[in-house]
Amino acid sequence: MATALDTLPATSSAPESKPPLFGLTFLENLAGMTMLRQVGLLVGLAASVAIGFAVVLWSQQPDYRPLYGSLSGLDTNQVIETLTAADIAYSLEPNSGALLVKADDLARARLKLAAAGVAPSDGNHGFEMLDQDQGLGTSQFMEATRYRRSLEGELARTVSSLNNVKAARVHLAIPKGSVFVRDERKPTASVLVELYPGRSLESSQVMAIVNLVATSVPELDKSQVTVVDQKGQLLSEQGENSELSMAGKQYDYSRRMEGMFTQRVHNILQPVLGSGR
């Protein structure tokens, strides 16, 4: 008589195999690779770790913004003293020389500098010079000189506002008026423009500067205005040459158009009137 134990399914007495650990599998696969592939894999892992570490450090650094694009026209010592007194962290960009502050402190730093009377200036003095107290003993020569300097500053500011022009200086030579016609001399003007790196002025812009200066000074002819850039290149002569070349191009274009229209009319009338008529 079969017992209940005989009806039970036979179980295997061998222990079940466990899956290998991930680390052991990776080391076994690494050991099975060639030396060149092992070196490449290790270098890739090291580079990934370095890049991740650099990204973490970069994300933790504060965001610095330029307070002013350049310190030209500013008292650097006064700017640094004002920022230090206000406990505002700053740094100087070594390549461009720009003054950098934290983005959160940008507005507060500008307010502190404005309150201390520090503001960027182009170094040109305009007609505000005429508002200053001249004193009782000011001579006519000093008044004329102050007016000339004021006019030079106003013209320099206007020229500096043009595209591609970083800064400008204007020099006016206005002779003293004479009652004798043969001793009369005409005024002259010189304009020095400082362009942004990699920029240039078109001939139309140069002629605009010449016309601007010429119409701002009485009896100043356009031919007496000279425009030079910071490299010492004469720009006003190029503008005159470009005008001559433009006139020549327009003349050549008119001649070509006349010839083309003449040929078209000839081709239309020749079948009707015949050849040679």
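This is a short tour of a predicted model, stop by stop.

Residues are numbered from 1 along each chain as its sequence is written. Because the model is predicted, local features need pLDDT of at least 70 and side-chain atom pairs count only at pLDDT 80 or more, while totals for chains, interfaces and linings use all residues; side-chain values use heavy atoms, without hydrogens and water.

**Stop 1**

Select strand 4 (165-173) and strand 6 (225-229). You now have an open sheet of three strands, in the order 4-5-6, with mixed pairing. Two strands pair if DSSP finds at least two bridges between them.

Which strands stand at the edges? Strand 4 and strand 6 do. Each has a single partner strand, so one side of each is left without a neighbour in the sheet. From one strand to the next, the twist averages 15 degrees.

Select V191, and find V227 of strand 6 opposite.

**Stop 1: helices across the sheet**

Select helix 6, residues 140-160. Helix 6 lies across strand 4 and strand 5 and runs at about 150 degrees to strand 4. For such angles, axes are lines fitted to C-alpha atoms (for helices, over the stretch in contact), and values run from 0 to 180 degrees between N-to-C directions.

Next, select helix 7, residues 203-216. Helix 7 lies across strand 4, strand 5 and strand 6. Its angle to strand 6 is about 135 degrees.

**Stop 2: E152**

Go back to helix 6 and select E152. Is E152 buried or exposed? At 12% relative accessibility, E152 counts as buried. Buried means under 20% relative accessible area, exposed means over 50%, and partly exposed is in between (1.4 Å probe, protein chains only).

What does E152 touch, leaving aside neighbours within four places in sequence? E152 is in contact with V170, H171 and L172. Contact means heavy atoms within 4.5 Å.

**Stop 3: salt bridges**

Side chains of opposite charge can pair when their charged atoms come close. A salt bridge here is a side-chain nitrogen of Lys or Arg within 4 Å of a carboxyl oxygen of Asp or Glu. How many are in the whole structure? A search finds three.

- Select E152 and R148. Their side chains meet at 3.0 Å, N to O. These residues are four apart in helix 6, so about one helical turn separates them. R148 is partly exposed, at 25%.
- Select R157 and E154. The closest N and O atoms of this salt bridge are 3.7 Å apart. Both residues lie in helix 6, three residues apart, about one turn. R157 is partly exposed at 30%, and E154 is partly exposed at 22%.
- Select R108 and D105. The closest N and O atoms of this salt bridge are 3.8 Å apart. R108 is partly exposed at 35%, whereas D105 is buried at 17%.

**Stop 4: a nonpolar patch**

Select V265, I268, L269, V272 and L273. They make a nonpolar surface patch of about 480 Å². Patch residues have over 30% relative accessible area and no salt bridge; like charges are joined within 9 Å, and nonpolar side chains (Val, Leu, Ile, Met, Phe, Trp, Tyr) within 5 Å. Accessible areas come from the Shrake-Rupley method with a 1.4 Å probe, and for residues only the protein chains shown count as cover.

Zoom in on V272, in helix 8 (residues 236-273). V272 is exposed, with a relative accessible area of 67%.

How values were computed:
Helices (H or I, at least four residues) and strands (E, at least two) are DSSP runs, numbered from the N terminus.
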